[in-house]
Amino acid sequence: MDSAKMEVQSATEQNRSEETVLSSIDRFLTVMTYNIHHGRGRDGRVDLKRICTVIQEGKPDLVALQEVDLGMTRSERLDQGRELADLLEMNHVAGHNWYLGEGAYGNVFLSRWPVTIVGNLDLSV
């Protein structure tokens, strides 16, 4: 085989290798963590749709949310985890660790895929 054919073959093999890497990029797992402060923004308003916009911009596969309310007066007694999951069309699991007189407060996990195994370890101090 002459050197010109070898160079073409090497370049073709390199292109295939690069195509394989590029086509596998969409297979990476994207994870986001977000402290939503019970949905309250810097302007003092509770706005879950605004939170959804931020999450959607990141296009995550999994989202770990902190400071999520369940049944609290300050957030209109919503189940914020379920509300966010519904708005984002994702699955959710709640891990509330602070149970207050009127509701609960804690973490929520959102996933593009169904969650089949769930555990919650309270590390609050």
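Which residues does Val-63 touch, not counting residues up to four places away in sequence? In this predicted model, the partners of Val-63 are Met-32, Ile-55, Met-90, Val-108, Phe-109 and Leu-110.

Let's step back to the core itself. The largest nonpolar core has 15 residues, and Val-63 is among those that touch the most other members, along with Ile-36, Ile-55, Leu-65, Leu-84, Leu-88 and Leu-110. Two or more residues come from each of the helices α2 (48-58) and α3 (80-88) and from each of the strands β2 (62-70) and β4 (104-111). The top contributor is α2, which supplies four residues. As general background, nonpolar side chains in soluble globular proteins tend to be buried together.

Now follow α2 across to α3. The two helices pack with their axes 10 Å apart, at an angle of about 55°. An angle of that size is neither roughly parallel nor roughly perpendicular, so α2 and α3 count as oblique to each other. Their crossing is right-handed. On the α2 side, the contact is made by Leu-48, Lys-49, Ile-51, Cys-52, Ile-55 and Gln-56, which meet Gln-80, Glu-83, Leu-84, Leu-87 and Leu-88 of α3. Sorted by class, this contact holds seven nonpolar, two polar and two charged residues.

Finally, have a look at Arg-45, which sits in the loop between β1 (31-35) and α2. Its relative accessibility is 46%, so Arg-45 counts as partly exposed. Beyond its neighbours within four places in sequence, Arg-45 is in contact with Gly-39, Arg-40 and Arg-50. Ser-75 lies 30 residues away from Arg-45 along the chain, and their C-alpha atoms are separated by 9.7 Å.

Key: Residues are numbered from 1 along each chain as its sequence is written. This is a predicted model: local features need pLDDT of at least 70, side-chain atom pairs count only at pLDDT 80 or more; totals for chains, interfaces and linings use all residues. Side-chain values use heavy atoms; hydrogens and water are left out. A nonpolar core is a set of buried Ala, Val, Leu, Ile, Met, Phe, Trp, Tyr and Cys residues joined through side-chain atoms within 4.5 Å. Buried means under 20% relative accessible area, exposed over 50%, partly exposed in between (1.4 Å probe, protein chains only). Contact means heavy atoms within 4.5 Å. Axes are lines fitted to C-alpha atoms, for helices over the stretch in contact, and angles run from 0 to 180 degrees between N-to-C directions. Angles under 35 degrees count as roughly parallel, over 145 as roughly antiparallel, 65 to 115 as roughly perpendicular and the rest as oblique. A crossing is left-handed if the near helix is turned anticlockwise from the far one by less than a right angle, and right-handed if clockwise. Ala, Val, Leu, Ile, Met, Phe, Trp, Tyr, Cys and Pro count as nonpolar, Asp, Glu, Lys and Arg as charged, and the others, Gly among them, as polar.
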